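I opened this model today to look up a few places in it and to write down what I found for each. The entries go from the chain as a whole to single positions, after one short note on terms.

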Amino acid sequence: MQNRISREELVRIYNIEITFFDSLEEAGLVEIELENEVKYLNYDHLSKFEKLVNRHYDLDINLPGLEVIQHLLQKIHDLQKE
């Protein structure tokens, strides 16, 4: 059983633009695996991806806003670890 899902399948399931997925990847907000020129998202990162999609489409937060939110959440996480 595979533990990942293709970019094309994610775009179809979540009804999002492929350019949005590519923008998330370029910004470093999602980590992809590349195999035979097909991009995959590991299921371990699916929850983070869903949150980004919801923030963008439901809350109308643009890509720079998503980057800021992710950065702040990472800082909070790091501080909680200390």
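Before listing any neighbours, I note that I take contact to mean heavy atoms within 4.5 Å. I also keep in mind that this is a predicted model.

**Entry 1, the chain.** I looked up the secondary structure of the protein chain and found four helices and three strands, which follow the pattern β-α-α-β-β-α-α when read along the sequence. The C-alpha trace spans about 40 × 30 × 20 Å along its principal axes, and of the 82 residues 30% count as buried. Taking the contacts between residues at least 6 apart in sequence, I find that 54% join residues at least 24 apart.

I count 9 positive and 17 negative side chains, and the centres of the two sets lie 4 Å apart.

Is R7 buried or exposed? I found R7 in helix 1, which takes in residues 7–14, and its relative accessibility is 15%, so R7 counts as buried, the cut-off being under 20%. Setting aside the neighbours within four places in sequence, I see R7 in contact with I18, F21, D22 and K39. With D22 there is also a polar contact, side chain to side chain, at 2.7 Å.

I checked the length of helix 3, residues 46–57, against expectation: its twelve residues at 1.5 Å a residue should span 16 Å, and because the end C-alpha atoms are 16 Å apart, the two values agree. Which residues of helix 3 are buried? I list L46, F49, L52, V53 and R55, and these buried residues pack against helix 1, helix 2 (18–26), strand 3 (38–42) and helix 4 (63–81).

I then turned to helix 4, where I looked up D78 and L79. D78 has a relative accessibility of 37% and therefore counts as partly exposed, whereas L79, with a relative accessible area of 58%, is exposed because the cut-off for that class is over 50%. I also looked up one distance for each residue: the C-alpha atoms of D78 and E33, which are 45 residues apart along the chain, are separated by 26 Å, while L79 and Y40, 39 residues apart in sequence, are 31 Å apart in space, C-alpha to C-alpha.

Terms used: Residues numbered from 1 in each chain as written. Predicted model: local features only at pLDDT ≥ 70, side-chain atom pairs only at ≥ 80, totals over all residues. Heavy atoms only, no water. Helix = DSSP H or I, 4+ residues; strand = E, 2+ residues; numbered from the N terminus. Buried < 20%, exposed > 50% of the residue type's maximum accessible area, 1.4 Å probe, protein only. Polar contact = N/O pair within 3.5 Å; in protein donor to acceptor, adjacent residues only side chain to side chain. Expected span 1.5 Å × (residues − 1). Lys, Arg positive; Asp, Glu negative; His and termini not counted. Charge placed at Lys NZ, Arg CZ, Asp CG, Glu CD.
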